[in-house]
Structures are given as C-alpha cells and as structure tokens.
Amino acid sequence: MSARVNMRPANKNTLLKVVILGDGGVGKSCLMNRFVSNHFDEHSFHTIGVEFLNKDIEIDNENYTLQIWDTAGQERFKTLRTPFYRGSDICMLTYAIDDKSSFRNMNMWKNEFLYYADIKENTYFPFIVVGNKSDVLVEEREVSQLELETWCNENGIASCIETSAKSASNVQEAFKMAVQHWLRAEIRADRTECTYSDTVDLNKKQSDSRSSCCTGASED
Amino acid sequence: MDENIPDEVLEIFTQDGVLLTTAPAAYIPYINTVGTLSIVEYPNSNLTRCVEWKPIDVTIDSDMQDQEWQVVNTIAKRHRSLSGNFPVEVGHRSKYLKINMNEIKSFRVTTKNQKLAFRDGKGDCICTFVFQHGNCDGLVAVLKGIHKTVVSRRDKHLYCIADDIKNPERQQLDKSFAELNLFQEHSSDYVWKFVKNFQNRPYETTMEAFSKITDIVYRSPDHRLLDNEVNDILNRSLEAIEGNTTTHSHDEYEVVAHVPKLPERKDYPRGRPLSLEQWKALQDHDGQVEDIDAVKLVIFRGGISPNVRKEVWKYLLDYHKWDYANNEQQNLIKQRNEEYFIMKLQWRSMTKIQEDNFTDYRERKSLIEKDVNRTDRVMDYFAGENNPNLQVLFDILMTYAMYNFDLGYVQGMSDLLSPILYLMDNEVEAFWCFVGFMNKVCSNFDVDQAGMKEQLQHLQTLTAFIDPEFSNYLYKHDSANMFFCFRWLLVWFKRELSQQDVMRLWEVLWTGLPCQNFHLLICVAILDTEKNILMENNYGFTEILKHINDLSGNIDISAIISKAEGMYNQIIAAEHLTDSVRFIIGLPMLGNAIIDSKEASPDLSDLAPCSTNGEVDEASYESAISNSFL
C-alpha cells in the first residue's frame, strides 16, 4: 500500500479504503452518513451485510476519495464481514462513550482486523480510535477521555477523538485526522522500507501472519 | 485384472442382480450370467480400488434362484450395502472379474440407466453390465464420489473419469477448480490458471482434464467472453489431442462453445389475491380447511387480501393448524398463550444480581434494545418516542431468546418480526407466527453462517444454469460469491421493499410453491433485471455491491415474482436440468451429481406440499417399479 503515494499522479485523487469497526449500536453507520452526507437519523436501520459510501475530501491541498466500509457489528456475521478487511488503508475503531462494553471490545476488533486484513508483521498500521456519542449527558458517560487515551497509549495508537454523529461534533475532524494519520504512516513506511513493490496486489493470498504493532495490549 | 490377492478388503458398494454382457476373454463363460457387482478397496495393496463382479452362485444359495423372490429379498437386504454389512469371502475372490479402477477411464450409461459399460483409456469397452434390479444410479453415484467425473459434451451418456481426487499429481488441477468455489477470492483468472496447469500436465492425463475444460467453456456461452489467448490455447490443445489419439477422443472430447438453451420463458401474470369470500368458502362449517393446496395456490398466484391476511398468516406460519376444528384450534391457542407467558416470565423475573452475573444474557438484551430502537421507526406503527409497540417488539424478541436459547437474538430477526407484529397487533399471536417464520429461515442465523453460505452457493448454481453469460461475467469480476445478495437472503428482501410489498412477497414464499427455495429464483429474477446495467458498465465487485444495495425501494415485486415463476418453469422444462439444480429446487435427483446425502434426504421429504414435484416423484417411482420387474 505504501507505493500509492508515489504512484499517484499530480492532482489526482488518492483512493483510501477506510473500514469502520465496532460493536453493534455504537454508531458506525451514523458516523459514515454524517461524514458523507451530513445527515443524521437516530432511528436508521442497523446494518445488514456490508455497505460502503464514497466521499471526496481535500486535505492540505491534496484530494482524497475515502471509500468507507461499514459492516454489521454482531459477532455472528464475522465470517462474512472479515473478507472486506483486506486492502484497507485506515481502520477506524469505534465505541460509544455511554457503553463500557463496546469500549472493552475494541481489543477484539483490533485483533480481528489485524488478523484478517493481512497486515504484515511489524508494520505500523494507521488505526484511529473514535469514541462516539459525545452528546450524551455527563451522568450517562461510561468511558472517560482519560481511559480512551490510556488505551490508545497501551496499544500504540496515536490518534483518537471523541465525536457525536448526532450533533455533528468532530465527525469531519475524525476522518481528516484518519487521513493525516495515514499519511504519516506512509512517510514512516517509506523511510523504513528502502525497497517496496511498485504494484499493489489486490488478489494477494491471505496469510496467517498476525501483526502486532501494539505493545503491552491487555486482554481486557 | 490382477491375480495378487491381498487379505484386507473393504466393500464400498454392492449391488445384486447384475448381468454380465460383455467381458474380457477369460470371462466369456460368465457372459449372460447374473451376479453381484461391487466396488472394493484393498487398503494393503497397490491394487487400491477395483470394480468386481462375481457370478451369483458364489454367494447366493441355489434355492434362491427363483427370480421374483430373489428380487424382493436381495433388494431389501443388500441394495446399496456399505462396507461391513456382510462378510466378504476372501478365498473366492480370485474367481471374480476384477477391474482395477485405474484402468477405467470412462463409463457409458444407457437403456434407462440399466446398462453400464466401463471403458479403458483408448475408449475400448472393458465390460458391460445390465442392472436387472432397478438401475445403476447407485453405482454411478458412488463412482462419482470416488472420482471426478465429467459428462462428455458429445455424448451425454458418457462419463469421463478424471484422476483420483487424492492423487497428488492432480492437486494443482484441483486447486484451480477449488477457485470456482465460493469465498475463494481469486476466481477471476480461473480459466488462465486452469490453462497453465493444463499445459504443464503430462499427456497421459490430459484427456480427462480436457473434458473438464470443455465443461468450463461450456459454461461460457459466448466465445467473445474468453480471452483470445485462452481460446488459442484451448484450440491448440484440442488439435494436439486430435492428432495424437484414436478417433474416440475426437468424438468424445471437444470444445463446445454452445450452451443448451432453456426453453423460452413464458408469461405468468399475477392473479387476484385470496379474498375473504374465497377463504370462507374454503373452510367447512367447523373451520377446517380442506383443500390446503387450493388455498396455497391462490396465495401463490396473487397473495392475500389485506382484510383476511391476518387470519391466513396464522395458518401459513403454523400458529393455527389447517385441519383443526374450531374447538381444537381454541385449545391450541389457549395452550400457546400459556406457554408464551411462562417463557416471558422467565426473563422478566431475572433479578438485577442475576443479570449482573450473566454476561451473555446482558449482551443479548442490550443488542435487542438497540435494534428494536432502529427497526422500522419510519412506520407509524413504530414511530415516536416511548411507542408502546417498541416494548412489545422487545418483549417478543426477548421471549424468543428464551424459546430458542441456542439461537438467541441475531441481527435481522427484528426485521422479520416487525411486519408480523404490525399485522397481528397482538403480542402472543405475533410471537407464535414469528416462531413459524423463524422455523423456515433459522439457518440464516447459524453461528457459522453455514446456512447463508449455502444459499449464496445455491444462488450461484442457479444463476449459472439459468444465465451462463451473466454467471460468467460475475466470475470474471470477482463476484461469483454472490455476496451482494446477502441482505436480500438474510431478511427475505425486507430492506429492499415497502411494508406492503414485503408482506405480499413473504406470503407468496410461505406457500412453498412452486418449489422449495423459490426465494433464490426471486434473487435470480432481480439480478436478471439488473444485469444489463452491471455488464454494460463493466462493474466489478464493489460497484455491483453498491448497485445492489442501492436497489432498495426500486423493485417491482409483482413483476419479479412473475419472472421468477417463468424462470422456474423454464428450469423444469430444460432437457439439461442438472442434479445440482434439481437438489436446490427440491426435485428428486437422477444420480448425475453427488450432493451431501444427509442434506439430500430431508429436502426430498419436503416435496410433499408441492404438486409439480409430486408428479415427478410419482413418475420416477413408477419407472423404478417397472425397472425392478423387467
């Protein structure tokens, strides 16, 4: 994936595949819809199967097309969800700040992603952690900002943000942050990797390699 | 025909009443003798597998010669016996006609599947058997289980045997075939990979492999769809085979770019919905419905009028019994009412501490809560904050989780319940109708999603049969896994249709007419309507997924049901109807394909409500009877 920056002709869009993961009901689809169409529907359906939307954005005078993939959150649908992880450029791990268990499950989501996205071992992958529903009342909050930052530090994730798809707070920022984070990871990869393939093999076989860019990840 | 007799023998298949009609010179004295045909395995020998035939007097007492008695007796006891069912007399085996499986390269089945000739690699006949009891379908099924077989394109009676599946030499080839399977995501270039393997393979095994290639080419109705380069390789290889082999191969192996056409699709206009008057007329004075088939046929043709829908759904969903008189029905209702509240009380009486100590339960409850809050909230029935119907939706799903604890709650269930609750507007009735619906579709919610995967695979098989050109397009665009139909299948088009349309479609599908898995034909019909857009725009997997997801709200369901019915009638009238398709739509199989037998039996028993199938069933039953006494 690292080759894409260099391959990109001037003034052309870079297509980035963003996968949003997290427990059912944390607001994955709502984040996507708020970002893409600035629309929010509190009672929108839960996602069945897999959906995606495209959105063009400009960051630091560069044009990007984000292809945002949204999947069903229930464990049951794992086998039909995971094939879509491959070829991702960015992974957005989400939880709801009024739902502690969705926060705890981020470990599971992160591991599932690394396993099925076929991320090479010891490579850095741009994760961004999004705590959604920041509009909830203080007394309903179950995950503090400090807990979020601690978890990210423990897991070697540099980007995190609290958002509200409902009140449109920080949603654009979250995606922008994700792209910037991806860019930094690209630059870092270019520095560390002297040689890399010039082509992206989209059909490459899934391997069993687990990546572990996280340090000191706890089980819970 | 090896004389070396190993001591351990495993019988894989045995059939009595098999007449030897053509045989190698040494066995000419046995010609026109009745005997027992077996497939045996010698685990300790390099013979491995043989076809064996022994004259009848070796195993059966002479007083059993009365033909008719023998037919009844032996069929009942020994037809399709498996290994270990009866002792094998090792000492006599040297007298048997024994053909090493490796020598058999093809077999030809004729005379209403009663005659089977084994052929060697040159296409010469090794021996011929006539099956006096029934037919050779059982044997053919076993042979197909052991070997990869392909029906010759030139001669539909000829089955060509490819190498043994376990043979390592074949693994490369098998691998490329595995890529035709679902969820192997590299199928786009399967023809290429196949051709590469094909070129690397030694000539000795080329011919069998070639028959496989013809099968693939056969799936591509149009030469233009194959790359020119691939075409060239296939043609060159064909020429090589023609130049180097006897005339048999020329006759039997040929690249045929022609696909057997389905009969023309006819129009099946939709009928009028079942009316209240019709419904009343179909019930006798005691409330029993006598002609269930007639009711279902009317519903299949036109659905149910809204003013009688609520009543009839209870029957379609097995809450009410068609053949119960009024008082029996009342008893059943009473009983189910009590049962419901017992189950509801089970979770309602859970204390806070119990809940805290029961993570699974808590998670289940929390997911139901979340999903209930986002199910059909645009409908008036579920709209607004604190809508009491949401509580009922929640209660039913929670109670269902107690009713079926193993399944619990899976996303999609609330979609299936919502129209039922809306129509019933009664908690207990909605619950039991939901149970009836879930019984029909519970495999959609398997933990390992096996039911969904199987349906996607079946959908792919049907698409390939009905529309090979489109199926080929999907293969070439990484979309043969049919994943884009996932949502359609999981909640039976609930997310694609309006409430009224989905109710109409569901009642049509619940009739089980005209065949099982008719919902898959609905999928094929929708895809047929969209395929030109997909193909003209050269859409790949993501674009197809997007297009299909965006179809929601733009499907003319009446037209689609008509088209699907037309497709069904095309399929059953097709001369080349394959067993894999027969299996999916619930027709009895003819033994031309091996399908997991443990799955096959329940599906075949499901045929009962389907009148068309009933006829076929009866016909095949009749022919089986007459075959037995020829």
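Which residue lies over the face of B:W432, and at what distance from the ring centre? I'll come back to that in point 6; here are my notes, and keep in mind that this is a predicted model.

1. Let's start with chain A. Chain A has 7 helices and 6 strands, and from the N terminus on they come in the order α-β-α-β-β-α-β-α-α-β-α-β-α. Of its 220 residues, 50% count as buried. If you take the contacts in chain A between residues at least 6 apart in sequence, 75% of them join residues at least 24 apart.

2. Strand 2 (residues 50–59) of chain A pairs with strand 3 (residues 62–71) of chain A in the antiparallel sense, over 10 bridges.

3. Now for the nonpolar cores. The largest nonpolar core has 148 residues, and A:L93, A:F113, B:W313, B:M413, B:F484, B:F518 and B:I522 are those with the most contacts inside it. Domain 3 (317–442) and domain 4 (450–585) of chain B each give this core at least three residues. There is also a second, separate core of 28 residues, which includes B:L20, B:M101, B:L139 and B:Y159.

4. B:W313 deserves a look of its own. Leaving out residues up to four places away in sequence, B:W313 touches B:I304, B:P419, B:I420, B:L423, B:M424, B:C433, B:M503, B:E507 and B:W510.

5. On to the aromatic rings: over all chains, the structure holds 39 aromatic pairs. In one of them, A:F84 and B:F483 have ring centres 4.9 Å apart and planes at 55°, so the pair counts as tilted. That pair crosses between chains: A:F84 is in the loop between helix 3 (78–81) and strand 4 (90–96) of chain A, while B:F483 is in the loop between helix 18 (468–476) and helix 19 (486–490) of chain B. Are these two residues buried or exposed? A:F84 has 8% relative accessibility and so counts as buried, and B:F483 is buried too, with a relative accessible area of 4%. Both also belong to a cluster linked by ring pairs, made up of A:F52, A:W69, A:F77, A:F84, B:F483, B:F486 and B:F541.

6. Back to the opening question: B:R336 is the residue over the face of B:W432, at 4.9 Å from the ring centre. Likewise, B:R364 lies over the face of B:F405, at 4.8 Å from the ring centre.

7. Helix 18 of chain B is worth a click. With 7 of its 9 residues buried, helix 18 of chain B is largely enclosed by the rest of the structure. The buried ones are B:P468, B:F470, B:S471, B:N472, B:Y473, B:L474 and B:Y475. After helix 18 of chain B comes B:D478, whose phi is positive, near 55°.

Conventions:
Residues numbered from 1 in each chain as written. Chains lettered and ligands numbered in written order. Predicted model: local features only at pLDDT ≥ 70, side-chain atom pairs only at ≥ 80, totals over all residues. Heavy atoms only, no water. Pairing = 2+ DSSP bridges. Helix = DSSP H or I, 4+ residues; strand = E, 2+ residues; numbered from the N terminus. Core = buried A, V, L, I, M, F, W, Y, C linked by side-chain atoms within 4.5 Å. Buried < 20%, exposed > 50% of the residue type's maximum accessible area, 1.4 Å probe, protein only. Domains from an automatic or database assignment. Contact = heavy atoms within 4.5 Å. Phe/Tyr/Trp six-rings, centres within 6.5 Å; stacked < 30°, edge-to-face > 60°. Lys NZ or Arg CZ within 6 Å of the ring centre and 35° of its normal.
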